[in-house]
Amino acid sequence: MSNAAAADHDFPRPPETFTDHDGRTVTIEAYDGAIDPLVEMYVDFGPDSRSQGVPPRTEADIRDWLPNLVGDGLNVVVWHEGRAVGHAVLVPYQDTSELAIFVHPDYQHAGIGSRLIRVLLGYGQENGLDRVWLSVSNTNHVARALYESVGFETIAKERVEMEMERAL
């Protein structure tokens, strides 16, 4: 889908409940609550679940990092049985918003990330955002394919990472 065609696309808004590919019923909700449920999720991330230095490695660093995301951004969280298992955010950045998305390692490859990003983009549309930007590692082919599937286009490519953006 070209960026122009994707710009006309309306994405779903939170809340949204669905069954993932592993048969788990999860709900994506807008979030501006306490950081503790997110801290619990992020401390479970191993080295393979981190990219470009996020999420931070230690609980203390996670607790320092999250208040800015939750306080400044538009956040959506995926819940399963009362536990946060995914988090995505649009953070104001210059004349756009920067997108970040994280899914707990035990919940990856189950269709949660693709639904999560679509709901986040819908939440951004609902809140009047008109442009979204992100940075992704050149070697993260799964994430790149996900971003391209919702209309992101490459705007810059460096040796280690690339920048992508799309209109909402």
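**A tour in questions**

Author: Gladly! UniProt, in an unreviewed entry, lists residues 26–168 as "domain: N-acetyltransferase". Keep in mind that this is a predicted model.

Reader: Which stretch has pLDDT below 50?
Author: The chain averages a pLDDT of 92, and 95% of the residues score at least 70. The stretch below 50 has 15 contacts in the model beyond near neighbours in sequence, and it is residues 1–7. Where pLDDT is low, the predicted coordinates should not be read in detail.

Reader: Which element gives the largest share of the lining of the largest pocket?
Author: That pocket has a volume of about 980 Å³, and 34 residues line it. Helices H3, H4 and H5 and strands S4, S5 and S6 each supply at least two of the lining residues. The largest share is six residues, and it comes from S5.

Reader: How do the lining residues divide into nonpolar, polar and charged?
Author: Nearest the pocket centre lie Ile101, Phe102, Asn140, Ala143 and Tyr147. The lining as a whole divides into 20 nonpolar, 10 polar and four charged residues.

Reader: Is Arg159 buried or exposed?
Author: Arg159 sits in the loop between strands S7 (153–157) and S8 (161–167). Its relative accessibility is 81%, and the cut-off to pass is over 50%. Therefore Arg159 counts as exposed.

How values were computed
Residues are numbered from 1 along each chain as its sequence is written. This is a predicted model: local features need pLDDT of at least 70, side-chain atom pairs count only at pLDDT 80 or more; totals for chains, interfaces and linings use all residues. Side-chain values use heavy atoms; hydrogens and water are left out. UniProt positions are given in the numbering used here, feature names are shortened, and annotations may be inferred rather than shown by experiment. On a 1 Å grid over the protein atoms alone, a cavity is a set of points where a 1.4 Å probe fits but cannot get out, and a pocket is an open set with protein on both sides within 12 Å along at least five of seven lines; lining residues have an atom within 4 Å of a point. Grid points are joined across faces, edges and corners, and a volume is the space filled by probe spheres set on the points. Helices (H or I, at least four residues) and strands (E, at least two) are DSSP runs, numbered from the N terminus. Ala, Val, Leu, Ile, Met, Phe, Trp, Tyr, Cys and Pro count as nonpolar, Asp, Glu, Lys and Arg as charged, and the others, Gly among them, as polar. pLDDT is the predictor's confidence in each residue, from 0 to 100. Contact means heavy atoms within 4.5 Å. Buried means under 20% relative accessible area, exposed over 50%, partly exposed in between (1.4 Å probe, protein chains only).
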